[in-house]
Every structure is written in structure tokens, then in C-alpha cells.
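Hi,

Here is the structure I promised to pass on.

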Amino acid sequence: QGLQRRNFLALDDIGLGSKMTDWSWSRLEDLVDYRYRFCLPTLLSTNLDLPGLPPRVVRRLRDPAQGKIVLIEAGEYRG
């Protein structure tokens, strides 16, 4: 509940590393939905394609009134 009400929330590397469980995807959906409904700024970064994210999250990101999707096509910078 603490993350829901932060003035700004950045979630980095969604879906990276250990496999996301159904429970963790559900919690992400709930968090994004809450912040969406209350117009709270939220940044999500991921290396997943949009089909790899839960549809409910993608719908909120695609809402032109509140969301913006930025595709960064830069190559890997780590050696």
C-alpha cells in the first residue's frame, strides 16, 4: 500500500531476471491500476515487448490522456 500513494514511482527492469509469477504480475497490475485511477505518475522500464506485459497494464500505458510509451532502440552499452 505504501507504493500506491507515492508522489512518483519508478519501477525498473520489469520482467527481467527471475521469472515473474502469476501472483507478482497480479500485484503489478493492481499497483499500476491504482496509480492510473488516481492519476499518479508512474514510470515502468522493461526489456519486454508489449505483448510480454499483462494486457491490463498495457491498456493503461496506451491511454493517451495519461500514458506514453517510449521505445529506446539503443544497443547494449554494457561490455
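**What I found**

Asp13 sits in strand β1, which runs over residues 9-14. Keep in mind that this is a predicted model. Asp13 counts as partly exposed because its relative accessibility is 37%.

Cys39 is another non-glycine residue with a positive phi, in this case near 55°. You'll find Cys39 in the loop that links α1 and β2. With a relative accessible area of 54%, Cys39 is exposed.

Now for the helices. Which residues of helix α2 (residues 55-62) are buried? They are Val57, Val58 and Arg60. Looking down the axis of α2, these buried residues fall within an arc of 160°, so they line one face of the helix. The buried residues of α2 pack against α1 and against β2 (42-46).

On the α1 side, take a look at Glu29, which is part of helix α1 (residues 22-37). Is Glu29 buried or exposed? It counts as buried, because its relative accessibility is 18% and the cut-off for buried is under 20%. Leaving aside residues up to four places away in sequence, Glu29 touches Pro54, Arg56 and Val57. Val57 is also one of the buried residues of α2.

Cheers

Conventions:
Residues numbered from 1 in each chain as written. Predicted model: local features only at pLDDT ≥ 70, side-chain atom pairs only at ≥ 80, totals over all residues. Heavy atoms only, no water. Helix = DSSP H or I, 4+ residues; strand = E, 2+ residues; numbered from the N terminus. Buried < 20%, exposed > 50% of the residue type's maximum accessible area, 1.4 Å probe, protein only. Contact = heavy atoms within 4.5 Å. Arc of directions from axis to C-beta.
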